[in-house]
Amino acid sequence: MGGVLCAFTGATFWGLSGVCADFLLSNYDISPLFITMCRALGAGVLFCCVIAVRYRDVLRRMMADARTVASLLIFGCLGLFPCQIVYLVAIDLTNAGTATVFQSLNIVFIALFTALIARKPLCRNEVLGVVCAFCSVFVIATQGNPLVLAMSLTSLLWCLFLGVVESFYVVYPEKLFQEFGSFVPTGVAMMVSGFLSALVWLASSAWGGVVAALGSAGTVGTGALLQAAVSGIADALPTLDALGIVVLAVIAVVGTFASFALFLRGVSKVGAVTGSLMGAMEPLSAAILSALVLATPFTAWDWLGLVLMVATFFLVALKGGDKDAVNDVEDGAREKVVMAEIGSARESENVEEECPCPVR
């Protein structure tokens, strides 16, 4: 029961992070990139503190291998960073509930990718899951009218792209997790994502200041350009009151770091299949909290789409009910990573509660 509660709470906290981001984007002059930067750097610092205390040997082994370092950079720059920034852009264009439902398309993309690599057809449950996912997207995007898009084409494309980038960041670190566990690679990649997002935010803000200076004064000197760049960065800082700062901290601490730790502990106790089912709480909690806390309007079609996506979780995770099959590649990247992590953690780190799930 404790394992189910931990996995349930961890997935719920993931949904809460989306709702908190929705609140900030709706009520403050803050950008998705700035939230991504604060989230990644804040959670990354917490990860690194735990790594420094418990996993220094694992970190040394990782840093000693150039290929592993390269993989960590790819995971952080092309996995975590795009996943987090695209998720927040999708929330900004729609809402937390809708974006999280579309994010869950990754389980369908992973199932299709795995079947393609294994050169085997999808099993019956996976086919049903793909159909449910397609119907979910259809009813949310059209609100039941196939002749009209109820959301803008830009919003729909960003939401679909979210499912794609989510798939990459779930599948890519599989080998890293098998060899080093999930905690240390995720913590290091989180810091990489934080540094990258900070670099992008600083560069884009400074460039905005320079463009504004050139537009108003025409030709300016180097000193004036530097001053304009600094002014651009200062102007890009959001104005947050105490509530805004607290919500931003909740996204990093509760919605990222704590959710990951709780979900890991829960899945290690209840197993990969049950853990995957608990993951369905993320879109469910995001939608319910959005409706209750933010008063986000959801139509009957939206709720139907949510139910269909939750059904997709169950269908793809169970795959006909054969729990032993989670050790095989055809059973999906997430389950395979979980089982591999349990063995890796017990053999190299002696940490029984470890099991992987990429942090969101």
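User: What is the volume of the second largest cavity?
Analyst: A cavity is a set of points on a 1 Å grid over the protein atoms alone where a 1.4 Å probe fits but cannot get out. The second largest cavity here has a volume of about 50 Å³, where volume is the space filled by probe spheres set on the points, joined across faces, edges and corners. This is a predicted model, in which local features need pLDDT of at least 70 and side-chain atom pairs count only at pLDDT 80 or more, while totals for chains, interfaces and linings use all residues. Residues are numbered from 1 along each chain as its sequence is written, and side-chain values use heavy atoms, with hydrogens and water left out.

User: Which residues line the second largest cavity?
Analyst: Lining residues have an atom within 4 Å of a point. In this case they are G97, T98, V101, I140, A287, F298, D302, W303 and L306. Two or more of them come from each of α5 (96-103) and α15 (300-318); helices are DSSP runs (H or I, at least four residues), numbered from the N terminus. A search of the whole structure gives three cavities of 30 Å³ or more.

User: Which residues lie nearest the centre of the largest pocket?
Analyst: A pocket is an open set of points with protein on both sides within 12 Å along at least five of seven lines. The largest pocket has a volume of about 210 Å³. Of its 12 lining residues, S71, Y172, E174, K175 and L176 lie nearest the centre. Helices α4 (66-93) and α9 (174-180) each supply at least two residues of this lining, and α9 gives the most, with four.

User: How many aromatic pairs does a search of the whole structure find?
Analyst: A pair of aromatic rings is described by the distance of the centres and the angle of the planes. The search finds 13 aromatic pairs. F183 and F257 form an edge-to-face pair, 6.5 Å centre to centre with 80 degrees between the planes (a pair has ring centres within 6.5 Å, and edge-to-face means planes over 60 degrees apart). F183 lies in helix α10 and F257 in helix α12 (residues 242-270), so the pair ties together parts that are 74 residues apart in sequence. Both F183 and F257 are buried (under 20% relative accessible area, with a 1.4 Å probe and protein chains only; exposed is over 50%, partly exposed in between). F47, Y55, F183, F257 and F260 form one aromatic cluster.

User: Where is R119, and where is Q143?
Analyst: Most residues other than glycine have a negative phi. R119, which is not a glycine, has a positive phi of about 55 degrees. R119 sits in the loop between α6 (106-118) and α7 (124-142) and is exposed, at 79% relative accessibility. Q143 also has a positive phi, near 55 degrees. Q143 is in the loop between α7 and α8 (153-171) and is partly exposed, at 21%.

User: How far is the nearest cysteine sulfur from C132?
Analyst: A disulfide is a covalent bond between the sulfur atoms of two cysteines. With the rule used here (sulfur atoms within 2.5 Å), the count is zero disulfides. For C132, the nearest cysteine sulfur is that of C135, 6.5 Å away, and C132 is in no disulfide. C132 is buried, at 17% relative accessible area. C83 is buried too, at 1% relative accessibility.

Technical notes:
Rings of Phe, Tyr and Trp (its six-membered ring) pair if their centres lie within 6.5 Å; planes under 30 degrees apart count as stacked, over 60 as edge-to-face and the rest as tilted.
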